[in-house]
Each structure stands twice: as C-alpha cells, then as structure tokens.
Amino acid sequence: MKDIIKLLRQGNKSAMLAAIVNAVISIIKGIAFLLTGNIAMFAETMHSLGDAANQFFVFIGSALSKKAPTDRFPNGFGRVVNLVLLGAVLIVGIMSYETIKEGFHHILKPTQSEGFFINIIVLGAAVVLESFVLFKAMKEILHEVGDDTKGPAIFLQSVKYLGKAKPATKLVFMEDTVATAGGLLAIIAVIISHFSSFHQAEGIASVLIGIMMFIVVGKVFLDNAAGAIGEADEEMELKIGNIVMEDPNVKDIQDITVIKEGEELHVEVEIEVDPSLTVAQADDIKDRLEERIMAEKGIADVTIEFDEDDGVNNWEEEKKEVIDEK
C-alpha cells in the first residue's frame with residue numbers, strides 16, 4: 001500500500017488538478033442541463049465528463065510509469081503513460097461522437113431551451129475554472145523545460161514549448177484549451193438562441209465542440225502511438241552528441257540513439273577512441289560521459305559502447321543532416 005501511495009505522489013499534478021476540476025464542472029453542468037434542456041450545455045457536460053475521466057487515467061498512468069524496473073520488465077514502465085493515454089482517448093472519442101450526434105439532432109429539430117441565466121452563470125463559472133487549470137498547465141510546461149517566463153508571455157512560451165512537454169501535461173493543455181474555447185462558444189450560442197429565433201445556434205455549437213474534441217483525440221492518439229512504439233528524440237541526440245564530442249578522448253561518434261519512453265529518455269551511444277587506450281582509461285571515459293549525460297533532465301539510463309577510430313568523421317555528417325532537417 002505504501003508503494004502505491006508513493007507512486008501516486010509522483011503522478012502528474014496538472015492532470016490530477018484538471019481531473020478534479022472537470023469532475024466538479026461536469027456535475028454542475030449536468031444539473032444545469034437537466035434543469036434547462038440546453039443542448040449546448042449537454043455538449044459541455046459530455047466534454048467535461050470526458051476530460052475528467054481522461055485526465056484521471058492520465059494521472060494514474062503517469063504515476064505507474066515511475067515504477068522501478070523489475071526482473072520481468074527490466075526496461076521499466078516508462079511507456080505505460082503512453083498506453084494509458086491511447087486508451088483514454090477512446091473515452092473522449094465516444095463523448096465527441098455523442099456531442100456531434102445530439103448537435104445535429106438539435107439543428108434539424110431546434111427547440112428553445114429554458115434557464116438563460118442558469119446557463120450563463122454555469123458556463124461562465126466553468127470557463128473561469130477551465131482557464132485556471134489551463135494556466136496551471138502552461139506554467140507546468142515551462143517548468144518542465146526550465147523556462148522562468150512570467151506574466152502574459154507565459155501563454156506564447158507554453159505554446160512554443162508544447163512539443164517538449166511531458167505527455168500528461170500536453171494532454172491537459174490541449175483538453176483545457178478546447179474546454180475553455182468550447183465554454184465561450186456555448187455562451188455565445190446560448191445568448192444568440194435566447195435573444196433571437198435562431199435556436200439552431202446551440203446545435204451548431206454542440207457540433208463544433210464535438211469536432212474540437214475529435215481534433216484533440218487525433219493529436220493525442222498520434223503522439224502517444226509514437227511514444228508507445230518508441231520515438232527517437234533528435235534534438236536530444238544532437239545535444240548529447242555535442243556533449244560527448246567535448247571529451248578530449250572521444251575521436252568520433254559511430255552511432256547515437258535517444259529513445260523517448262513516456263517521460264523518460266534512454267540513451268545509447270557508440271563512440272570511437274584511440275585503439276591504444278587501456279581498459280582502465282576507457283572505463284574512466286565511460287564513467288565521465290555517463291555522469292555528464294545523466295545530469296541532463298529526463299535521462300533515465302545511458303549505454304556507452306566503444307569502437308576504434310576509423311579516421312572518418314561520422315558525427316559531423318550526422319549532425320549536419322539533423323540540423324538541415326530542423
């Protein structure tokens with residue numbers, strides 16, 4: 001039991017906060033929908049409910065991914081978070097379908113909903129809460145990349161570094177961006193429907209919210225499918241390659257691979273050295289490089305292999321190719 005609690009404490013804090021907030025919001029929105037019959041409110045209820053379930057699973061997955069390697073699973077559990085996210089997007093996918101379906105039904109057979117002020121108050125409060133969670137996710141992204149930006153610039157910087165964020169934090173950011181935008185869209189639809197005869201506005205809002213949810217599903221699925229398979233981090237390969245080449249005893253890099261597994265990075269590098277070096281000298285080089293590479297954020301383990309210098313500069317060519325691709 002103590003081990004489980006210890007693991008849960010290491011879970012993604014943004015995901016847990018988002019799960020709690022969205023669970024509360026979904027209950028409030030659900031009650032408002034039952035009282036008013038507003039289809040835009042139904043869409044927002046489904047959205048918040050899907051987000052809450054999704055983010056709760058993400059929190060659990062991010063915690064389990066921190067479990068130490070075992071004899072049966074010597075490579076650890078880093079990819080668990082990717083697998084959990086792949087399962088979690090199915091929930092949002094189902095919610096998206098239901099939201100779009102109900103929206104089309106309301107467009108074809110529009111009806112005027114009641115409880116204008118209830119809808120506006122509930123949706124307004126939800127937007128404020130979602131914005132708070134989104135802001136926390138933005139700060140978490142910057143924290144993960146070591147950026148100390150303050151003030152309004154946090155938004156632009158968090159978008160800039162979104163690709164480098166942990167899978168769980170990235171999911172929270174994307175879902176709450178859509179949730180905030182969806183809440184504002186629902187408010188606009190409720191106002192239009194109340195002050196005009198264009199009651200289809202609520203159905204259109206529901207369809208648009210469902211489509212935005214599907215976009216998040218697609219993005220999260222593609223990102224985590226790559227993570228579950230094992231995706232190379234070319235930017236980190238370039239950085240570690242430069243670190244390795246700074247060592248005076250390293251003549252060249254024959255091969256370097258940095259694989260992302262969940263929130264962890266696994267490094268394998270084959271270096272070329274002077275064939276006249278002794279085993280003791282090679283061991284010193286290995287220890288020195290391991291210590292330097294492990295100091296980088298997110299590195300879980302390092303494997304270093306040796307080969308004799310062949311006189312051909314492979315690393316400069318490989319580095320040039322990576323820079324050209326970027």
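1. Helix α4 passes helix α8 in a left-handed crossing; a crossing is called left-handed if the near helix is turned anticlockwise from the far one by less than a right angle, and right-handed if it is turned clockwise. Helix α4 covers residues 80–108 and helix α8 residues 200–229, and they pack at an angle of about 160° with their axes 8 Å apart. Axes here are lines fitted to C-alpha atoms, for helices over the stretch in contact, and angles run from 0 to 180 degrees between N-to-C directions. The two helices, α4 and α8, are therefore roughly antiparallel to each other. Angles under 35 degrees count as roughly parallel, over 145 as roughly antiparallel, 65 to 115 as roughly perpendicular, and the rest as oblique.

2. Basis of the note. This is a predicted model, in which local features need pLDDT of at least 70 and side-chain atom pairs count only at pLDDT 80 or more, while totals for chains, interfaces and linings use all residues. Residues are numbered from 1 along each chain as its sequence is written, and side-chain values use heavy atoms, with hydrogens and water left out.

3. Overall make-up. The protein chain has 11 helices and four strands; helices (H or I, at least four residues) and strands (E, at least two) are DSSP runs, numbered from the N terminus. Its C-alpha trace spans about 85 × 50 × 35 Å along the principal axes. Of the 326 residues, 45% count as buried, where buried means under 20% relative accessible area, exposed over 50%, and partly exposed in between (1.4 Å probe, protein chains only). Among contacts between residues at least 6 apart in sequence, 74% join residues at least 24 apart; contact means heavy atoms within 4.5 Å.

4. UniProt, in an unreviewed entry, places the feature "domain: Cation efflux protein transmembrane" at residues 16–225. UniProt positions are given in the numbering used here, feature names are shortened, and annotations may be inferred rather than shown by experiment. In the model, residues 16–225 are 80% helix and 0% strand, and the end C-alpha atoms lie 22 Å apart.

5. The unreviewed UniProt entry gives "transmembrane region" for residues 15–40, 76–96, 116–135, 178–197 and 203–222. Residues 76–96 are 81% helix and 0% strand, with the end C-alpha atoms 34 Å apart. Residues 116–135 are 100% helix and 0% strand, and there the end C-alpha atoms lie 28 Å apart.

6. Helices α3 and α5. The axes of α3 and helix α5 (residues 116–145) come within 11 Å and cross at roughly 30°. The two are therefore roughly parallel to each other. Helix α3 passes α5 in a left-handed crossing. On the α3 side the contact is made by M41, E44 and S48, and on the α5 side by N119, V122, L123 and E130.

7. Contacts of T180. T180 lies in helix α7 (residues 167–195) and, at 10% relative accessibility, counts as buried. Leaving aside neighbours within four places in sequence, T180 is in contact with V127, E130, S131 and L134.

8. Side chains of opposite charge can pair when their charged atoms come close. The rule for a salt bridge is a side-chain nitrogen of Lys or Arg within 4 Å of a carboxyl oxygen of Asp or Glu, and by this rule the model has six. In one of these, E44 pairs with K29, the closest N and O atoms being 2.8 Å apart. E44 lies in helix α3 (residues 39–64) and K29 in helix α2 (residues 13–36), so the pair ties together parts that are 15 residues apart in sequence. Both E44 and K29 are buried.

9. Salt bridge R288–D247. R288 forms a salt bridge with D247, with 2.7 Å between the closest N and O atoms. R288 lies in helix α10 (residues 279–294) and D247 in the loop between α9 (234–245) and β2 (252–261), so this pair ties together parts that are 41 residues apart in sequence. R288, at 37% relative accessibility, counts as partly exposed, whereas D247, at 8%, counts as buried.

10. The side chains of E296 and R292 meet in a salt bridge at 3.1 Å, N to O. E296 is buried at 13% relative accessibility, and R292 is partly exposed at 38%. K239, R292 and E296 are linked in a network of salt bridges.

11. A distance along the model. L35 sits in helix α2 and counts as exposed at 57% relative accessibility. The C-alpha atoms of L35 and K286 are separated by 68 Å, the two residues being 251 residues apart along the chain.
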